Amino acid sequence: MASSAAVPFWRAAGMTYITYSNICANLVRNCLKEPFKAEALSREKVHFSISKWADGKPEKPILRSDTPGV
């Protein structure tokens, strides 16, 4: 028997919560006035490193800097 509970609209639209959350955050950042908008957009950038493992030891990490939405 199917549940009659309400389904969140983001799930009904076929999105994950992360996708929904990213869309909402982007809308809020775009509504800000300067200088707050520039500051919020600079915090959106993501920096991380990737290390491949060989013979149980990590190799030299590769530094990455990705910006969402690009």
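## Aromatic residues of the N-terminal helices

Y20 is partly exposed, with 22% relative accessible area; in this scheme buried means under 20%, exposed over 50% and partly exposed in between, with a 1.4 Å probe and protein chains only. The rings of Y17 and Y20 form a tilted pair, since their centres are 5.9 Å apart and their planes stand at 50 degrees. Rings of Phe, Tyr and Trp (its six-membered ring) are paired if their centres lie within 6.5 Å, and planes under 30 degrees apart count as stacked, over 60 as edge-to-face and the rest as tilted. Y17 and Y20 are three residues apart in helix α2, and therefore about one helical turn separates them. Y17 is itself partly exposed, at 47% relative accessible area.

By the ring rule, the count is four aromatic pairs. In one of them, W10 and Y20 have ring centres 6.5 Å apart and planes at 20 degrees, so this pair is stacked. W10 belongs to helix α1 (residues 9–12) and Y20 to helix α2 (residues 17–31), so the pair ties together parts that are 10 residues apart in sequence. W10 counts as buried, with a relative accessibility of 13%. One aromatic cluster is formed by F9, W10, Y17 and Y20.

## Basis of the model and overall layout

The model is predicted: local features need pLDDT of at least 70, side-chain atom pairs count only at pLDDT 80 or more, and totals for chains, interfaces and linings use all residues. Residues are numbered from 1 along each chain as its sequence is written, and side-chain values use heavy atoms, with hydrogens and water left out.

The protein chain has three helices and four strands, in the order α-α-α-β-β-β-β from the N terminus. These elements are DSSP runs numbered from the N terminus, with helices (H or I) of at least four residues and strands (E) of at least two. Of its 70 residues, 6% count as buried. The accessible surface of the protein chain is about 6,300 Å², and carbon and sulfur atoms hold 61% of that area; the areas come from the Shrake-Rupley method with a 1.4 Å probe, and for residues only the protein chains shown count as cover. Among contacts (heavy atoms within 4.5 Å) with a separation of 6 or more, 3% link residues 24 or more positions apart.

R29 lies in helix α2 and counts as buried, at 17% relative accessibility. Apart from neighbours within four places in sequence, R29 is in contact with K37, A40, L41 and E44.

The loop between α2 and α3 (36–42) contains P35. A cis peptide bond, with omega of about 5 degrees, joins E34 and P35.

## Strand region

V46, F48, I50 and I62 form a nonpolar patch on the surface, and together they have about 300 Å² of accessible area. Patch residues have over 30% relative accessible area and no salt bridge; nonpolar side chains (Val, Leu, Ile, Met, Phe, Trp, Tyr) are joined within 5 Å and like charges within 9 Å. A salt bridge is a side-chain nitrogen of Lys or Arg within 4 Å of a carboxyl oxygen of Asp or Glu. Strand β1 (residues 46–50) gives the most to the nonpolar patch, with three residues. V46 lies in strand β1 and is partly exposed, at 36% relative accessible area.

D55 is located in the loop between β2 (53–54) and β3 (57–58). Its phi is near 55 degrees, a positive value in a residue other than glycine. D55 is exposed, with a relative accessible area of 80%. Most residues other than glycine have a negative phi, and most peptide bonds are trans.
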